[in-house]
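Work through the exercises below with the sequence and the structure open. Each task is followed by a solution in steps.

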Amino acid sequence: MTSQRQPLHEWTIDPERAVALQKSLAPRIECQDRISNVEHIAGVDIGFEDRGETTRAVIVVMRWPSLEIVERVLHRTPTRMPYIPGLLSFRELPAALEAFEQLTVTPDLLMVDGMGIAHPRRLGIAAHLGLWLDIPAIGVGKSRLCGQHDEVPEARGSWVPLTHRNETIGGVLRTRERVKPLYISTGHRLSLESSIEWVMQCLTRYKLPEPTRQADRLASRRTAETRRPEGDAAPGQESLSLE
DNA sequence: GCGACAG
DNA sequence: ATCTTGTCGC
């Protein structure tokens with residue numbers, strides 16, 4: 001039986017083709033809740049080292065609602081594309097997908113650093129990843145890519161809509177007082193309201209929700225535990241033990 | 001034509 | 001994102 005599966009997703013590093021791909025995929029993003037029984041939430045983040053030559057993808061899976069870390073994967077691979085505003089997913093998704101393949105547990109919800117549909121063509125990295133994996137996803141950005149919004153009230157938990165071309169594409173959420181707000185947007189299979197609620201539910205004492213914060217820590221600090229001994233320049237993957 | 005511009 | 005020292009504040 002030759003079950004040749006149709007390629008659900010294509011790939012490219014050509015800017016023009018990437019833009020066309022985004023336009024064709026954006027309509028497939030679901031902005032309504034289609035999620036249930038959340039047992040594991042994953043934080044996804046990408047970092048770089050060697051002046052950007054090496055991409056480091058990190059995924060941290062936490063049990064819900066205890067927020068205890070149950071698994072962490074760190075995957076390193078050569079960087080293949082430069083950073084181009086609006087095409088971030090084409091630079092970082094390959095590494096994230098490879099890291100995802102190494103997980104032993106499949107998360108029920110993803111919190112991805114960057115935008116969901118709060119993107120010029122409505123397909124930020126969180127939406128792209130959520131669609132690719134068909135897993136509910138939320139875009140958790142630390143700054144704005146596009147759209148406009150009023151100032152966000154100082155109270156923790158307050159938020160204002162982020163609009164672009166007469167559409168609400170996300171929400172600017174105050175996760176901590178006196179700290180710059182976060183840009184939350186639907187990634188896939190979740191409404192904006194639910195996305196914000198999930199982020200709030202994962203907050204502790206920091207600006208970032210735990211899944212994102214934990215992934216962020218591991219992705220952006222090349223110290224003893226993430227550093228290769230020496231002489232070993234061959235990129236590869238490695239799973240990190242907890243503890 | 002002139003800015004703006006996730007990570 | 002990453003390169004970098006110290007510093008202000010709870």
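**Exercise 1.** Is Asp-45 buried or exposed?

*Solution.* The model is a predicted one.
Step 1: The relative accessibility of Asp-45 is 3%.
Step 2: Buried means under 20% relative accessible area.
Step 3: Asp-45 therefore counts as buried.

**Exercise 2.** Which residues does the UniProt annotation "binding site" cover? Find out how they are arranged.

*Solution.* 
Step 1: According to the unreviewed UniProt entry, the "binding site" annotation covers Asp-45 and Asp-113.
Step 2: These residues span 69 residues in sequence, yet no two of their C-alpha atoms are more than 5.6 Å apart, so they gather at one spot.
Step 3: Of these residues, Asp-113 is included in the lining of the largest pocket.
Step 4: Asp-113 belongs to strand S4, residues 109-113.
Step 5: With 10% relative accessibility, Asp-113 counts as buried.
Step 6: Beyond its neighbours within four places in sequence, Asp-113 is in contact with Val-44, Asp-45, Ile-46, Glu-92, Ile-125 and Val-140.

**Exercise 3.** Where is Ser-158? Describe its surroundings.

*Solution.* 
Step 1: Ser-158 sits in the loop between strand S5 (137-141) and strand S6 (159-164).
Step 2: The relative accessibility of Ser-158 is 16%, so this residue counts as buried.
Step 3: A polar atom of the Ser-158 side chain lies 2.9 Å from the backbone oxygen of Pro-153.
Step 4: A polar atom of that side chain also lies 2.7 Å from the backbone oxygen of Ala-155.
Step 5: Not counting residues up to four places away in sequence, Ser-158 touches Val-152, Pro-153, Val-172, Leu-173 and Arg-174.

**Exercise 4.** How many aromatic pairs does the structure hold? Describe two of them.

*Solution.* 
Step 1: The structure holds three aromatic pairs.
Step 2: In one of them, the rings of Trp-11 and Trp-132 have centres 5.7 Å apart and planes at 70°, so this pair is edge-to-face.
Step 3: The pair links distant parts of the chain, 121 residues apart: Trp-11 is in the segment before helix H1 (15-25), and Trp-132 is in helix H3 (residues 125-133).
Step 4: Trp-11 counts as partly exposed at 29% relative accessibility, and Trp-132 is partly exposed with a relative accessible area of 24%.
Step 5: Trp-64 and Trp-198 also form an edge-to-face pair, with 5.1 Å from centre to centre and 70° between the planes.
Step 6: This pair links distant parts of the chain too, 134 residues apart: Trp-64 is in the loop between strand S2 (54-63) and strand S3 (69-78), and Trp-198 is in helix H4 (residues 192-201).
Step 7: Trp-64 is partly exposed, with a relative accessible area of 22%, whereas Trp-198 counts as buried at 15%.
Step 8: Trp-11, Phe-90 and Trp-132 form one aromatic cluster.

Terms used
Residues are numbered from 1 along each chain as its sequence is written. Chains are lettered from A and ligands numbered from 1 in the order in which they are written. This is a predicted model: local features need pLDDT of at least 70, side-chain atom pairs count only at pLDDT 80 or more; totals for chains, interfaces and linings use all residues. Side-chain values use heavy atoms; hydrogens and water are left out. Helices (H or I, at least four residues) and strands (E, at least two) are DSSP runs, numbered from the N terminus. Buried means under 20% relative accessible area, exposed over 50%, partly exposed in between (1.4 Å probe, protein chains only). A polar contact is a pair of N or O atoms within 3.5 Å; within protein, one must be able to donate a hydrogen and the other to accept it, and residues adjacent in sequence count only if both atoms are side-chain atoms. Contact means heavy atoms within 4.5 Å. UniProt positions are given in the numbering used here, feature names are shortened, and annotations may be inferred rather than shown by experiment. On a 1 Å grid over the protein atoms alone, a cavity is a set of points where a 1.4 Å probe fits but cannot get out, and a pocket is an open set with protein on both sides within 12 Å along at least five of seven lines; lining residues have an atom within 4 Å of a point. Rings of Phe, Tyr and Trp (its six-membered ring) pair if their centres lie within 6.5 Å; planes under 30 degrees apart count as stacked, over 60 as edge-to-face and the rest as tilted.
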